[in-house]
Amino acid sequence: MKQIVIIGAGAAGLMAAAIAGREGARVISLEKMNMVGKKMGITGKGRCNITNSADMSEFIKNTPGNGKFLYGAYERFSNTDLLDLLHSWGLKTKVERGGRVFPESDSALEVRNTFMKVLKQYGVKVHLNEPVQEIVVENNSITGVRTEKEFYAAHAVIIATGGKSYPSTGSTGDGYTLASGVGHSVTDIRPSLVPIVTKEPWVKIIMGLSLRNVEVSVISKGKTQASMFGEMMFTHFGLTGPTILSLSHTVGKLLRKKNSEPITISINLKPALSAETLDKRLQKDFELYSKKQLNNGMKDLLPQNLIPIIIELAQLDGHKPINQITKEERLRLCHTLQHMTVTVEGLRPVEEAIVTSGGLSLKEFNPKTMESKLVNGLYGAGEVLDIDAFTGGYNLQAAFSTAYVAAMHIIHGDD
Ligand SMILES: Cc1cc2nc3c(=O)[nH]c(=O)nc-3n(C[C@H](O)[C@H](O)[C@H](O)COP(=O)(O)OP(=O)(O)OC[C@H]3O[C@@H](n4cnc5c(N)ncnc54)[C@H](O)[C@@H]3O)c2cc1C
């Protein structure tokens, strides 16, 4: 009987443990926290966006951090394979807007509990509060792992320690140290899916304001580098929300180029309207409120606290009576409504990111098996690898698929 040690009991570690247990291996799961799947419990705002119903080619497109590495894993264990498996374990799921798949109960804890039930059923031994401190290798082959308490001999070891974001969930980057201790390389560790820090002080005034149906663009060198339609929010340091988190990948890339060109974020508050239609709309409102001051004539168009900001950005006087606003001033206002611009200062740190970009270098892992090319019997799965995807269930699917492939390869070898 093969003895397998799995380091970390997050999404990837739990899947690997369940599959290896199901296939008849003796499995020990070592988790440093006092519970398994702590991060899984907070995913999808507590609802756990397990995967996506999109075609698997869309998964690759939605994985800007080395999506192509996942072809092999997705061929062997796709979103439908995952859902079939979870359903067979008794977890009911539903599909929402954008193909996002959630548990029917809307409870991330139910997903975690399902794994705990299955691990028990397959006799997996879970050791909580037991961080792995060293991976032990002899003659380029794995012999086991060491914790403060014990040495665990193993035929195979899977590193599933996650990335470096949200360290309170246990993902503190241990896997990078453990793997580099046995010769693996670690790429640059950076935040991805992370809020953006901006320069303009007025952002603070409207912190908490959330905007829906806006188009947000990243501009550099006078060109739009990426755009997203959807929701965003102002915070005390800058911007956050779904569009911003997704665009942070592009911003991160531009920041690394370190040229002196400023990077700006342009917000189109009325993306459904052309400049001409917006101007007509504004003229209609101005007719209606012609006797009011500008400050009081835009309430049909914008949230109240945004009005003084827009007026200032358009360099207009809010106390000016609307019937005295010139055409030139009105056009300037129109332009500001579709190009509300803030300057990027940087990204929030990796600890605040939804995922970690970078990780164990993929050059040193076989994409078909997840086995290390340097150490026989050592495998990597999940976010510890240099893989990162957008929101939509793509990160958890990557963790589940890589874990599944690793566990199956350990038990059955190359089929
Ligand atoms: C707030 C938030 C919301 C998210 N929502 C979604 C979502 O809805 N859908 C989605 O697809 N993705 C989501 N993600 C991303 C997703 O949660 C991660 O990509 C995924 O959890 C990675 O799984 P993992 O098993 O590789 O790592 P983790 O889930 O981070 O698990 C790693 C585990 O290893 C343990 N560990 C670390 N070091 C050691 C050690 N030395 N010894 C033993 N154990 C160790 C940790 O304690 C942890 O339990 C979200 C992330 C965050 C932060």
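**View 1. Helix H1 and its surroundings in the predicted model.** Helix H1 (residues 11–22) has 12 residues and spans 17 Å from its first C-alpha to its last, close to the 16 Å expected at 1.5 Å a residue. Helices (H or I, at least four residues) and strands (E, at least two) are DSSP runs, numbered from the N terminus. In this predicted model, local features need pLDDT of at least 70, side-chain atom pairs count only at pLDDT 80 or more, and totals for chains, interfaces and linings use all residues. Residues are numbered from 1 along each chain as its sequence is written, and side-chain values use heavy atoms, with hydrogens and water left out. Of the 12 residues of H1, 11 are buried (under 20% relative accessible area, 1.4 Å probe, protein chains only). Their packing partners include strand E1 (3–7), strand E2 (26–30) and helix H13 (394–412) (contact: heavy atoms within 4.5 Å). Just after H1, Gly24 adopts a positive phi of about 95°.

**View 2. Helix H12 and its packing partners.** The buried residues of H12 (327–338) include Leu333, Cys334 and Leu337. These buried residues pack against strand E16 (263–268), helix H10 (275–288), helix H11 (307–313) and strand E17 (340–347).

**View 3. The largest cavity.** The whole structure holds 1 cavity of 30 Å³ or more (a set of points on a 1 Å grid over the protein atoms alone where a 1.4 Å probe fits but cannot get out; lining residues have an atom within 4 Å of a point). The largest cavity contains about 40 Å³ of space. Helix H9 gives the most to its lining, with 4 residues.

Methods
The expected span of a helix is 1.5 Å times one less than its number of residues. Buried means under 20% relative accessible area, exposed over 50%, partly exposed in between (1.4 Å probe, protein chains only). On a 1 Å grid over the protein atoms alone, a cavity is a set of points where a 1.4 Å probe fits but cannot get out, and a pocket is an open set with protein on both sides within 12 Å along at least five of seven lines; lining residues have an atom within 4 Å of a point. Grid points are joined across faces, edges and corners, and a volume is the space filled by probe spheres set on the points.
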